[in-house]
Amino acid sequence: GPGSSFTIDTTRPFKVVTQFITNDNTDNGDLTEIKRFYVQDGKKFDFPNTNISGLGSYNSLTNTNCANQKRVFEEPPTFLSKGGMKAMGESMKRGMVLVLSLWDDT
């Protein structure tokens, strides 16, 4: 948040790093995990672990974590039924464009 009392001071520059991890740690392997962390003043801050009953504690995205979320929230396993991380990785290899949208809702 804003100010030095927070882990990351959002009033100062910081980096958001997203890692796409494959089964063989190469650009050609199958995508298995997506991790995010932050860097400010040369110090790395890991993404916080989940804290939702029944979900397990983790701070990245994997097929297992996605399946657990769908189970806990009683939703259909849409991501896994479409190929999960492997299919996402194959799509990324074909090329993607990052699009961000900010919404404000009272």
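What share of the 106 residues of the chain count as buried? The answer is 19%, where buried means under 20% relative accessible area, exposed over 50% and partly exposed in between, with a 1.4 Å probe and protein chains only. Before I go on, please keep in mind that this is a predicted model, in which local features need pLDDT of at least 70 and side-chain atom pairs count only at pLDDT 80 or more, while totals for chains, interfaces and linings use all residues. Residues are numbered from 1 along each chain as its sequence is written, and side-chain values use heavy atoms, with hydrogens and water left out.

Let me start with the overall form. The chain has a radius of gyration of 16 Å, whereas a compact globule of 106 residues would have one near 13 Å; the radius is taken over C-alpha atoms, and the globule rule is 2.2 Å times the number of residues to the power 0.38. Taken along the principal axes, the C-alpha atoms fill a box of roughly 45 × 35 × 30 Å. Among the contacts (heavy atoms within 4.5 Å) with a separation of 6 or more, 30% are between residues 24 or more positions apart.

Turning to the elements, there are three helices and four strands, and from the N terminus on they run β-β-β-β-α-α-α. Helices (H or I, at least four residues) and strands (E, at least two) are DSSP runs, numbered from the N terminus.

On a 1 Å grid over the protein atoms alone, a cavity is a set of points where a 1.4 Å probe fits but cannot get out, a pocket is an open set with protein on both sides within 12 Å along at least five of seven lines, and lining residues have an atom within 4 Å of a point. Of the 17 lining residues, Thr-18, Phe-20, Ile-34, Arg-36 and Leu-61 are the closest to the centre. The elements giving two or more residues to this lining are β1 (15–22), β2 (31–40) and β4 (60–61), and β2 provides the largest share, three residues.

I will end with Asn-65, which has its place in helix α1, residues 63–72. Why does Asn-65 count as buried? Asn-65 does so because its relative accessible area is 8%. Leaving aside neighbours within four places in sequence, Asn-65 is in contact with Tyr-58 and Ser-60.
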